[in-house]
Amino acid sequence: MADGLVGHAEDMLGCERVTVPELRFLARGLTDALRDVRRIAESRGARLPATAQDRDPCED
């Protein structure tokens, strides 16, 4: 969904006749897609094992 929205956004932002409601609709779609991407990234990050760099040296 995010890929399609980015392409659509590029097209819309290049057009001078875009209306405010169209831009608001686009912004809503981009916001929803970004929220999904962030949720997935956080979920994947939570499943990654901690690296030596991430560990607290006081815990050892």
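Predicted model: local features only at pLDDT ≥ 70, side-chain atom pairs only at ≥ 80, totals over all residues.
Residues are numbered from 1 along each chain as its sequence is written, and side-chain values use heavy atoms, with hydrogens and water left out. The protein has 2 helices and 0 strands; helices (H or I, at least four residues) and strands (E, at least two) are DSSP runs, numbered from the N terminus.

**Overall surface**

- Of the 60 residues in the protein, 12% are buried, where buried means under 20% relative accessible area, exposed over 50%, and partly exposed in between (1.4 Å probe, protein chains only).
- The accessible surface of the protein is about 5,500 Å², and carbon and sulfur atoms account for 55% of that surface; the areas come from the Shrake-Rupley method with a 1.4 Å probe, and for residues only the protein chains shown count as cover.

**Helix 1**

- Helix 1 has 12 residues, and its first and last C-alpha atoms lie 16 Å apart, close to the 16 Å expected at 1.5 Å a residue; the expected span is 1.5 Å times one less than the number of residues.
- Leu5, Ala9 and Met12 are the buried residues to look for in helix 1.
- Viewed down the axis of helix 1, its buried residues fall within an arc of 65 degrees, so they line one face of the helix; the arc is that of the directions from the helix axis to the C-beta atoms.
- Turn to the face of helix 1 away from its buried side, and you will find the exposed residues Asp3, Gly4, Glu10 and Asp11.

- Helix 2 runs over residues 20–47, and its 28 residues should span 40 Å at 1.5 Å a residue; the end C-alpha atoms are 41 Å apart, which agrees.
- Leu26, Gly29 and Ala33 are buried in helix 2.
- The buried residues of helix 1 pack against helix 2, and helix 1 (2–13) is in turn part of what covers the buried residues of helix 2; contact here means heavy atoms within 4.5 Å.

**Salt bridges**

- The whole structure holds 3 salt bridges, each defined as a side-chain nitrogen of Lys or Arg within 4 Å of a carboxyl oxygen of Asp or Glu.
- Asp32 pairs with Arg28 in a salt bridge, with the closest N and O atoms 3.6 Å apart; both residues lie in helix 2, 4 residues apart, about one turn of the helix.
- Asp32 also meets Arg35 in a salt bridge at 3.1 Å, N to O, and these two residues of helix 2 are 3 residues apart, again about one turn.
- Asp32 is partly exposed at 28% relative accessibility, as are Arg28 at 48% and Arg35 at 41%.
- Arg39 forms a salt bridge with Asp36, where the closest N and O atoms are 3.8 Å apart; being 3 residues apart in helix 2, Arg39 and Asp36 are separated by about one helical turn.
- Asp36 counts as partly exposed because its relative accessibility is 32%.
- Through shared partners, salt bridges join Arg28, Asp32 and Arg35 into one network.
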